[in-house]
Amino acid sequence: MKNRVFVITGAAGSGKTTVRNYLHERYGMPRVITHTTRPARENEVNGVDYYFETETSFFKRHYLESVTYAGHHYGSSYEGLQSAWHKNPDATIVLDGAGAVTYKQKLGDQAVIIFLRVGNPDELVRRMQTRGDDTTMVAKRVKSQEYARDLQMPRQLVGKAYEIVNTDLAQTKAKIDQIVAKYVD
Ligand SMILES: Nc1ncnc2c1ncn2[C@@H]1O[C@H](COP(=O)(O)OP(=O)(O)OP(=O)(O)O)[C@@H](O)[C@H]1O
Ligand SMILES: Nc1nc2c(ncn2[C@@H]2O[C@H](COP(=O)(O)O)[C@@H](O)[C@H]2O)c(=O)[nH]1
């Protein structure tokens, strides 16, 4: 059986983690946990949401790809992906737009990319605030180049990725089910 990874990408606050958790809960897809130097949010747990790293420990890992997003480092390891595939042939990961492009380039058909967007970008800020994000962090993020970039699907992924407007979560889940049905028996 072919190993695959469902890559969820899109703007900050667009619902990537929510969709990844749905794929985990509904389809039993293991979540590939990535590494970051960003401070943990309230309720985030090391080894569950991320491996939280220091500026020194981050650079001791072996990454398939890594990026800087709004001033913090993020990276996904080969070992994390292999360990997820060891549990199940279909896994899921949350990446920014640049990471999703790298995954498609490196893994080809094994990477199924789903780009999430919302109708109105103001909704993203509302969702981050509702999630309880630190106000200063939200302001810094919204000003970042990476945030602006990820409002649109990366041009390298046009025609190679699914796009879902995540307004109504029930409808989003139904669309996710349709995509998964194309790949998973
Ligand atoms: N369709 C939706 N309607 C309303 N709220 C939603 C919807 N989808 C997700 N949310 C909520 O929006 C907030 C942001 O969602 P989530 O954390 O999944 O986004 P994200 O894309 O992973 O964000 P980030 O990249 O900043 O980590 C959460 O509080 C989540 O419960
Ligand atoms: N390219 C990568 N992007 C990653 C990775 N882990 C998370 N992310 C993305 O970073 C931003 C910010 O995440 P947040 O949790 O601080 O809101 C978001 O788009 C994530 O999808 C990674 O290993 N590589």
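## The annotated span

The end C-alpha atoms of residues 3-181 lie 15 Å apart. This span is 39% helix and 23% strand. Helices (H or I, at least four residues) and strands (E, at least two) are DSSP runs, numbered from the N terminus. The UniProt record, an unreviewed entry, annotates residues 3-181 as "domain: Guanylate kinase-like". UniProt positions are given in the numbering used here, feature names are shortened, and annotations may be inferred rather than shown by experiment.

## Confidence and conventions

This is a predicted model: local features need pLDDT of at least 70, side-chain atom pairs count only at pLDDT 80 or more, and totals for chains, interfaces and linings use all residues. Residues are numbered from 1 along each chain as its sequence is written, while chains are lettered from A and ligands numbered from 1 in the order in which they are written.

The mean pLDDT of the protein is 96. Here, pLDDT is the predictor's confidence in each residue, from 0 to 100. A value of 70 or more is reached by 99% of the residues. The model scores ipTM 0.98 and pTM 0.97.

## The parallel sheet

Strands of a sheet pair through backbone hydrogen bonds, either parallel or antiparallel. In this report, two strands pair if DSSP finds at least two bridges between them. One open sheet has four strands in the order E6-E1-E7-E8, and its pairing is parallel. Strand E6 (90-94) and strand E8 (161-165) are the edge strands, each pairing on one side only. On average, neighbouring strands of this sheet are turned by 25 degrees against each other, direction ignored. Axes are lines fitted to C-alpha atoms, for helices over the stretch in contact, and angles run from 0 to 180 degrees between N-to-C directions.

Strand E7 (residues 111-117) runs parallel to E8, joined by five bridges. Leu116 stands opposite Ile164 in E8. Helix H7 (residues 169-183) lies across strand E1 (4-10), E7 and E8. H7 runs at about 165 degrees to E8. Contact between two residues means that their C-beta atoms, placed from the backbone, lie within 7 Å.

## The mixed sheet

A four-strand open sheet has the order E3-E2-E5-E4, with mixed pairing. Strand E3 (51-52) and E4 stand at the edges with a single partner strand each, so one side of each is left without a neighbour in the sheet. Helix H2 (residues 78-87) packs on the sheet and touches E4 and E5. The direction of H2 makes about 45 degrees with that of E5. H3 also lies across E4 and E5, running at about 160 degrees to E4.

Strand E2 (residues 35-36) and E3 run parallel, joined by two bridges. Thr36 has Phe52 as its bridge partner in E3. E2 and E5 run antiparallel, also with two bridges. There, His35 has Gly75 as its bridge partner in E5.

Six bridges join E4 to E5, and these strands are antiparallel. Ser66 stands opposite Gly75 in E5, and Tyr69 stands opposite His72. The hairpin of E4 and E5 has two residues between the strands. In this hairpin, Ala70 takes a positive phi near 50 degrees.

## Around the ligands

Ala, Val, Leu, Ile, Met, Phe, Trp, Tyr, Cys and Pro count as nonpolar, Asp, Glu, Lys and Arg as charged, and the others, Gly among them, as polar.

Ligand 2 has 16 residues around it. Thr34, Tyr74, Ser76, Asp96 and Gly99 come nearest. Strand E4 (63-69), strand E5 (72-77) and helix H3 (97-107) each supply at least two residues of the shell around ligand 2. By class, seven residues of this shell are nonpolar, five are polar and four are charged.

Terms used
Near = placed C-beta within 6 Å.
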